[in-house]
Amino acid sequence: MRTVAFLAAVALVAAAPTAPKEEEEEKRPILILLDERTPPEGAAYSFAMETENGISFSEVGAEGSAGQANVKGVYRYKQDDGTVAEVRYVADEGGFQPESSLIPVAPAFPHPIPLFVQEQILFAEEQRRLKALEEQKEQEENKAEEEAK
């Protein structure tokens, strides 16, 4: 009898309606507030997009010096703490060049370069210079030998 009562209680709990889960609420489609597009003509184009949850993205393309599309754009989104993150970028002959406070920056070198390291660098530069002079001298000698023949 206890088993039947226990199973009945489990069945009642399992059948009870539950509040919507957060995951189910998040699956609701996000409304698009702005969607503007200029069709491409060669490498020139533009678009802008904004959604109700704070995401925005815009980009403009123009023809570059070598016929490629040079691009300038920006995108923004809300972070978990409510602040807005922004990334501005240019993509051209120099590659993709983002600018944002979100991008980590390498720390400054923590100390001056020691004297023995500076001396080693100077020594290596001098060795390269001497090697280049030696190669130039060999080329001149080879050229003189060929002209003598």
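**Note on the strand pairing and the charged helix**

1. In strand β6 (residues 95-99), Phe-96 is the bridge partner of Ala-91. β5 and β6 pair in the antiparallel sense over five bridges, where pairing requires that DSSP finds at least two bridges between two strands. Two residues form the link in the hairpin that joins β5 to β6.

2. This is a predicted model, in which local features need pLDDT of at least 70 and side-chain atom pairs count only at pLDDT 80 or more, while totals for chains, interfaces and linings use all residues. Residues are numbered from 1 along each chain as its sequence is written, and side-chain values use heavy atoms, with hydrogens and water left out.

3. β5 (residues 84-92) also pairs with β4 (residues 69-78), in the antiparallel sense over eight bridges. Tyr-75 has Val-87 in β5 as its bridge partner. Five residues lie between β4 and β5 in their hairpin, and Gly-82 in the turn has a positive phi of about 95°.

4. Overall, the chain has three helices and six strands, taken as DSSP runs (helices H or I, at least four residues; strands E, at least two) and numbered from the N terminus. Their order along the sequence is α-α-β-β-β-β-β-β-α.

5. Helix α3 covers residues 115-148 and contains Glu-140. A surface patch of negative charge includes Glu-140 together with Glu-134, Glu-135, Glu-138, Glu-141, Glu-145, Glu-146 and Glu-147. Patch residues have over 30% relative accessible area and no salt bridge, and like charges are joined within 9 Å; a salt bridge is a side-chain nitrogen of Lys or Arg within 4 Å of a carboxyl oxygen of Asp or Glu.

6. Of the chain's 149 residues, 10% count as buried, meaning under 20% relative accessible area (1.4 Å probe, protein chains only).

Definitions and conventions: Patches are made of residues with over 30% relative accessible area and no salt bridge: like charges are joined within 9 Å, nonpolar side chains (Val, Leu, Ile, Met, Phe, Trp, Tyr) within 5 Å. Accessible areas come from the Shrake-Rupley method with a 1.4 Å probe; for residues, only the protein chains shown count as cover. Lys and Arg count as positive and Asp and Glu as negative; His and the chain ends are not counted. The place of a charge is taken as NZ of Lys, CZ of Arg, CG of Asp or CD of Glu. Buried means under 20% relative accessible area, exposed over 50%, partly exposed in between (1.4 Å probe, protein chains only).
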